[in-house]
Amino acid sequence: MASSPEIASTTINNECSKTSVKDETLLRFEPLSSCLDPNFWFKVCQLKLEVDKLDEVHRPIIGYYTSNNNPYMSFDCSSFNQEIIDETSFKYVARGYCLNKNTIDSFKICDKNELLREFGERLLDDFRSGKAIEDPSIIPAFDVLMYTDLKRYIFYYWFAFPSFSGPKYCLNDVPTLLENTLSSPQFDLLVFGFKNLKIDQRGFFGVISTKEGNLKVMTLKEYINIFKNNTESDSVGYLVFADPSDLLNNPGWPLRNLLYLILLHCPSIRTSVLKVIALRGSPSTKFSASMLFNIKVSSGNIFKQDAIKFVGWEKNAKGVFCPKYVDLSKTMDSTKQAKESVDLNLKLMKWRVAPDLNLDIVAKSKCLIIGAGTLGCCVARNLMAWGVRNITFIDNGKVSYSNPVRQSLYRHSHCINSNTYKATAAADVLREIHPEINSTGVVMSIPMPGHTANIDDHKNVDLLSKLIEDHDIIFLLTDSRESRWLPTMLSTLHNKLAITAALGFESYLIIRHGVKVPDVSTGEQKLGCYFCNDVTAPGNSLVDKTLDQQCTVTRPGVSNIAGALAVELFVSYIQLKYNVLANAKCCLGIVPHSIRGFLSDFQQIIPFTSSFFQCIACSTIVIDDFLNKKEEFLNNVFTNPNYLEDLTGLTSLKNEFENIEIFEMNDSDVEDSGTYSERV
């Protein structure tokens with residue numbers, strides 16, 4: 001640590017504080033100590049992560065103290081609010097600043113003497129300008145230097161209550177209880193006047209006696225104006241301050257700065273005795289413990305700039321000038337700690353790399369994962385890493401012994417007796433990983449074209465439609481082409497963003513389905529869906545297939561790559577508010593329509609296509625037929641493999657291609673027809 005500042009002779013220690021006035025007439029002040037509520041540090045973390053980031057700024061904060069024999073200044077999460085709402089509170093307000101360093105090294109090596117001088121110079125400027133007279137809550141100034149370990153929830157800090165090393169003050173006589181000077185009616189007037197002051201004026205004010213012998217309470221500004229024009233101590237009444245001291249003959253630290261302020265603006269007091277009321281107790285006790293101090297200045301001119309020195313660093317519990325630290329990692333609720341920690345990496349992105357990243361819209365997105373296999377597990381983990389808190393799984397399969405090694409959400413225990421459904425197991429594991437996740441598993445089969453067993457499965461169609469309608473983003477991660485058809489069609493119906501990930505042995509495809517163009521007059525075209533490039537309807541792909549054809553046989557890394565890219569595509573997409581064109585740009589980069597990768601040569605391309613008006617999943621004719629004659633439409637789809645092709649005109653289109661006459665030409669035909677290059 002940098003060297004601690006030297007302590008002026010007026011600085012109190014506990015031994016000297018208890019010295020009787022008869023032995024020593026030099027006035028000594030009891031220092032303030034800091035008292036921080038744990039929620040203060042939670043607010044510090046939030047501000048550092050989300051607001052200050054890499055900026056080392058002097059952030060204004062508020063402290064509170066009392067006059068009930070309690071020499072502590074307290075801080076909590078409300079200390080960062082600059083507006084004081086509770087005017088009925090009988091706590092006293094102090095204004096200061098906190099400086100949060102970026103690294104522990106910068107916290108250690110900064111020059112503490114120079115820092116205290118900066119704190120003091122700022123206070124002196126407020127005194128000279130009269131700002132502290134207008135707002136007396138500036139008088140008991142404080143500053144806190146800190147470093148926040150956001151990973152371990154350990155906080156290093158050092159408070160300073162800056163004050164002036166001179167002048168020295170002496171007691172003119174023995175301090176006495178105020179009740180020996182004021183009558184009971186005068187106490188009542190004191191309490192009444194105190195309550196009528198604003199909360200930021202109650203810590204320092206003035207009291208004068210009227211001709212009738214009553215007391216009149218006034219603000220510090222009003223009192224100083226009277227003091228400037230009348231220096232007779234008997235006629236100017238009393239200077240009052242809220243005294244946090246618990247020592248009989250030693251006033252609290254705030255008086256030290258108050259006296260300096262009065263000396264600065266009323267120089268004539270240097271030769272006078274100042275009557276000071278140390279307000280102790282509360283209005284309910286009529287401040288019965290208050291003390292009266294008669295104080296005079298005992299040193300010479302201390303207002304020359306080169307003569308002004310500052311003191312005020314706080315001692316630790318052992319009486320040593322050094323920083324303190326607090327470790328909240330063990331006292332924090334584990335769920336809350338997990339919530340704050342998992343978002344740490346995301347919030348750090350906004351510090352330097354992606355300041356415009358919108359994390360709130362990601363966290364609030366409701367994601368529906370259709371297919372809880374290898375891709376589904378990978379997508380769920382990546383969504384959770386991005387801060388998504390609402391994830392629903394759809395799957396009707398059970399966890400088998402071959403699953404856990406590739407599907408990261410399952411364990412060996414899920415395979416025993418083969419009785420654990422993937423959807424519910426995946427949802428449960430997500431909550432184990434992060435208790436704040438709202439995850440649900442829905443066990444259901446997806447009705448598919450060409451599968452006659454689904455002819456009466458209209459209940460699942462309705463359930464799937466409702467689930468898609470209630471979510472913001474749909475991930476189609478099933479292992480067959482026909483199982484993606486109904487979710488694609490329903491996503492188009494509800495205008496939801498759907499992202500499909502499909503795998504080959506060493507290749508992958510990730511495609512975001514187009515959504516409706518909000519303004520067709522712009523000439524923008526809707527992007528295609530997974531089925532827009534096909535001219536055949538999906539059928540039953542499981543008929544007469546061997547085991548290797550029924551399973552998704554891929555290189556193990558393909559699914560992880562595809563799942564991660566699907567989530568990254570989603571996060572990039574929702575950074576933009578409106579319809580996102582192919583390869584549009586956001587704060588994270590481009591937002592492609594589709595991504596095709598080939599692991600055999602480690603290449604990747606990002607092609608895009610417009611929607612196909614005869615698409616068997618997203619075309620208008622399919623959506624209209626579903627809406628107008630739902631049951632008949634579904635029965636035809638499930639029983640007739642060619643129905644979708646007939647409905648959209650693909651059958652006619654293929655017949656036209658078959659009827660086209662193909663003419664073959666030889667080299668002599670080309671020569672007879674003219675120059676080849678011209679023809680081309």
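Gln 407 counts as buried, its relative accessibility being 7% (buried means under 20% relative accessible area, exposed over 50% and partly exposed in between, with a 1.4 Å probe and protein chains only). The structure is a predicted model, in which local features need pLDDT of at least 70 and side-chain atom pairs count only at pLDDT 80 or more, while totals for chains, interfaces and linings use all residues. Residues are numbered from 1 along each chain as its sequence is written, and side-chain values use heavy atoms, with hydrogens and water left out.

Gln 407 lies in the loop between β17 (390-395) and α13 (412-415); helices (H or I, at least four residues) and strands (E, at least two) are DSSP runs numbered from the N terminus. The side chain of Gln 407 forms a polar contact of 3.3 Å with that of Lys 422. A polar contact is a pair of N or O atoms within 3.5 Å; within protein, one must be able to donate a hydrogen and the other to accept it, and residues adjacent in sequence count only if both atoms are side-chain atoms. Leaving aside residues up to four places away in sequence, Gln 407 touches Lys 422, Ala 372, Gly 373, Thr 374 and Cys 377 (contact means heavy atoms within 4.5 Å).

Helix α12 (residues 374-385) packs against helix α18 (residues 556-574) at an angle of about 45°, the axes being 8 Å apart. The arrangement of α12 to α18 is therefore oblique. Angles under 35 degrees count as roughly parallel, over 145 as roughly antiparallel, 65 to 115 as roughly perpendicular and the rest as oblique. Axes are lines fitted to C-alpha atoms, for helices over the stretch in contact, and angles run from 0 to 180 degrees between N-to-C directions. On the α12 side, Thr 374, Leu 375, Cys 378, Val 379, Asn 382 and Leu 383 meet residues of α18 that include Ser 559, Asn 560, Gly 563, Val 567 and Phe 570. The residues of this contact comprise nine nonpolar, five polar and no charged (Ala, Val, Leu, Ile, Met, Phe, Trp, Tyr, Cys and Pro count as nonpolar, Asp, Glu, Lys and Arg as charged, and the others, Gly among them, as polar).

Backbone geometry was also examined in loops. The peptide bond from Gly 166 to Pro 167 is cis, with omega near 5°, and Pro 167 is in the loop between β6 (154-164) and β7 (169-171). Lys 53, a residue other than glycine, has a positive phi near 55°; Lys 53 is buried at 15% relative accessibility.
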